[in-house]
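Look at the structure below and follow how its side chains meet. The text starts with charged pairs and then turns to aromatic rings and the surface.

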Amino acid sequence: MTTILFKNAKVFTGKNTDFEGIDFAVDTEAGQFINKETANADETIDLKGKYVMPGLINAHTHIILDPFFKIGGLSSVNASQTGAVVNTYIAIDNLNKLLKHGVTYIRDVGSSDNIDLQLSKLEKENKITAPGIIGSGPAIVMTGGHGVELGWESDGVDEIRKHARTNIKNGARNIKVMATGGVSMDGETPNDVQLSVEEMRAAVDEAHHKGYTACAHAQGTEGIKNAIRAGVDSIEHGIYLDDEAIQMMLDNDTYLVPTLMAPWAINQHPEKLPDFMVKKSLAVQEAHIESIGKAAKAGIKIAMGTDSGTAYNDFEKGPSQELEQMVDAGLTPLQALQSASINAAELLKINDYAGSIETGKLADFIIIEENPLEDIKAVQADKIVYKKGKKVE
């Protein structure tokens, strides 16, 4: 066992409300924070003038997608054509980018060939160095619905229940359902209602029976409400939230994962993307920002997620830029940091062992130069990353 004592840092644990002077210790073999009072340190690292916070948790990723289309084609369509070997290569590259950027845990919400589920198992067994992964396998979509290129086409309660059970059998610890259309596919809009309440509830029930979570791609107002009625744990995107939807989320303790980076990234590259995608993305951006601000003000629990893998939505700067986008939308810097730490951990049901700097939890943390509670963009700067107590090189 190697024990490292970190001294003199200003630390945001995930549970306090400011960076405080806290010394902490790490067992690099167990990969956990340990009690500094009883630790017999083999090494001491002085972090005077530095700021420490939990590793970022990104609750909405698509690790098999290449946001820059280097292998050709729009990323979602391309991934259905390139096959498992190439997609696994892309996924591992994306995981490395996430980890070096300071993301130490993710939830993947739509993969092919169970790549996310198999990589999750390898990471848990310490066979690869990567962020921890809560995988979903293929998203459950209606025939011809949003995400069909990578989703599992499913119609009716019995078929959806079967597919949810199969995903769980294969290792999924979250079930993803599609409540509405979206921006990235032609021939549909974010307001289109897709899977029904009854269909989604079947998937949600299967997840909850096992103690796992379910989330819904839900952009239009009625689809959002349908997903809440079905009992999902989180609404992904939440572009058009009205007062009733916000109250429903509060009443049901439903989390919101904003993914503000998704339309923002599209809107930065209008000349490189299909007209239908750009038009829809430009049309939703203002409403999306307004909805996230209203949700934060109302007290809805928000977890950070980027939708990394969608067009030009990268795995490196995207997570820290999402924090900036959320603050610009109306979150406080503290709410933003909580969204990427303790809130996301609670949503993913990993808060017993991740998401905060506490004795007994995974020693996943980042070291930065400036205070992000004063300027959230501090998280975008160069940083030192520790995963399971070991420095990421």
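A salt bridge is a side-chain nitrogen of Lys or Arg within 4 Å of a carboxyl oxygen of Asp or Glu. This is a predicted model, in which local features need pLDDT of at least 70 and side-chain atom pairs count only at pLDDT 80 or more, while totals for chains, interfaces and linings use all residues. Residues are numbered from 1 along each chain as its sequence is written, and side-chain values use heavy atoms, with hydrogens and water left out.

The structure holds 17 salt bridges. In one of them, the side chains of Lys 387 and Asp 364 meet at 2.9 Å, N to O. Helices (H or I, at least four residues) and strands (E, at least two) are DSSP runs, numbered from the N terminus. Lys 387 is buried, with a relative accessible area of 5%, and Asp 364 is buried at 6%. Here buried means under 20% relative accessible area, exposed over 50%, and partly exposed in between (1.4 Å probe, protein chains only).

Another salt bridge joins Lys 388 and Glu 123, at 3.0 Å from N to O. Lys 388 is in the loop between strand 18 and strand 19 (390-391) and Glu 123 is in helix 3 (residues 115-124), so the pair ties together parts that are 265 residues apart in sequence. Lys 388 is buried at 18%, and Glu 123 is buried at 4%.

Next come the aromatic rings. A search of the whole structure finds 12 aromatic pairs. Rings of Phe, Tyr and Trp (its six-membered ring) pair if their centres lie within 6.5 Å; planes under 30 degrees apart count as stacked, over 60 as edge-to-face and the rest as tilted. The ring centres of Phe 6 and Phe 24 are 4.9 Å apart and their planes are at 10 degrees, so this pair is stacked. Phe 6 belongs to strand 1 (residues 3-7) and Phe 24 to strand 4 (residues 24-27), so the pair ties together parts that are 18 residues apart in sequence. Both Phe 6 and Phe 24 are buried.

Phe 365 and Tyr 386 are also stacked, because their ring centres are 4.6 Å apart and their planes at 5 degrees. These two residues are buried as well. One aromatic cluster is formed by Phe 6, Phe 24, Phe 33, Phe 365 and Tyr 386.

Finally, consider Glu 370, which sits in the loop between strand 17 and strand 18. Its relative accessibility is 53%, so Glu 370 counts as exposed.
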